[in-house]
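I opened this notebook page to keep a record of what I looked up in one structure. The entries run in the order in which I made them.

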Amino acid sequence: MALLVANNLTKTYTSSGWFRRQLANGKGVYNLSFAIEEGACLGVLGESGAGKSTLGKIVLGLLPPDSGSITFNGVELYQSNRSLRKKWRRDIQVVFQESYSAMNPRMTIRDIIAEPLRNYERLSDREERHQVGELLEVMGLSTEDMLKRPKQMSGGQLQRVNIARAIALHPKLIVSDEPVSSLDVIIQKQILIHLKELKERNGLSYLFISHDEMAVHYLSDQIAFMENGSIVKTCFASNLLYLV
Ligand SMILES: Nc1ncnc2c1ncn2[C@@H]1O[C@H](COP(=O)(O)OP(=O)(O)OP(=O)(O)O)[C@@H](O)[C@H]1O
């Protein structure tokens, strides 16, 4: 059974006021259908405005679709009750493009990574420190980084912190929206290698949203191409030899 199945998802943006309605009307996503298998990565490629982030927000539970359905582990996301939604929020985590703005500058790196653990688990101080230390090490950072604040870290290090936080609760799926596009090429590669290792070692699945063909090709098993809110083509990454 696929981990996540989307059927005919449609979301159009409308806003109040005539002028804003004219701007927003007709924009969004239309009849998106796709599936993500356990341990697999679906890459979503498309130009700016194609609807990639809208799709990501729907999968994250942040934007209810106007029509269509989305099931995760066999449970329909937008129809489920509160406790199932809480579980879904735990099982589907996100990594955004802008790591610095996604963090509270006053928090320490330990607090940032431990936040989801504090929301869902009751750990002693010692257990929490141990888990945060392990997550930092998995991401190639040092346990000493725990006491630092975001402005003391580089962009690449912050994105690793972001990923450490996203995997803290052992989610099943990570939605990553342009996770490497603000980083320089060498750091991009290191982050992609980490994401691939997590997929291979922990069986993590990804919805990997990007406009970067190389990055999508590197991590994805299947690729969906979006244009004007629709998926216009899907294919196996291994068939896209011209990208290598
Ligand atoms: N809140 C909103 N209100 C009105 N229109 C919106 C809203 N959010 C997105 N849109 C429009 O919906 C379309 C899809 O936007 P979306 O952000 O999903 O595209 P994208 O492929 O992620 O683009 P980018 O790569 O630039 O982030 C765009 O035309 C955008 O202008």
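Entry 1, the chain as a whole. I noted at the outset that this is a predicted model, and I then looked up the secondary structure, where the protein chain turned out to have eight helices and ten strands. For the overall dimensions I took the C-alpha trace, which spans about 50 × 45 × 40 Å along its principal axes. I also wanted to know how the radius of gyration of the protein chain sits against the value for a compact globule. For 244 residues a compact globule would have a radius near 18 Å, and because the protein chain has 18 Å, I recorded that the two agree.

I turned to helix 4 (residues 109–120) and helix 5 (residues 125–138), whose axes come within 10 Å and cross at roughly 110°. On the side of helix 4 the contact is made by R110, I113, A114 and L117, and on the side of helix 5 by E128, Q131, V132 and L135. When I sorted the residues of this contact of helix 4 with helix 5 by class, they divided into five nonpolar, one polar and two charged.

Which angle do the axes of helix 6 and helix 7 make where they cross? I found roughly 15° for helix 6 (residues 155–167) and helix 7 (residues 185–202), with the axes coming within 10 Å. Angles under 35 degrees count as roughly parallel, so I wrote down helix 6 as roughly parallel to helix 7. Helix 6 passes helix 7 in a right-handed crossing. I listed G156, Q159, R160, I163 and I167 in helix 6, which meet I187, Q190, I191, H194 and L198 in helix 7. By class, this contact of helix 6 with helix 7 has five nonpolar, four polar and one charged residues.

Which residues come nearest to the ligand? Of the 13 residues around the ligand, I noted Y13, S48, K52, S53 and T54 as those that come nearest. Helix 2 (residues 52–59) gives the largest share of the shell, namely three residues.

Note on methods: Residues numbered from 1 in each chain as written. Predicted model: local features only at pLDDT ≥ 70, side-chain atom pairs only at ≥ 80, totals over all residues. Axes fitted to C-alpha atoms, helices over the stretch in contact; angles between N-to-C directions. Helix = DSSP H or I, 4+ residues; strand = E, 2+ residues; numbered from the N terminus. Parallel < 35°, antiparallel > 145°, perpendicular 65-115°, else oblique. Left-handed = near helix turned anticlockwise from the far one by under 90°. Contact = placed C-beta atoms within 7 Å. Nonpolar A, V, L, I, M, F, W, Y, C, P; charged D, E, K, R; others polar. Near = placed C-beta within 6 Å. Rg over C-alpha atoms; globule rule 2.2 N^0.38 Å.
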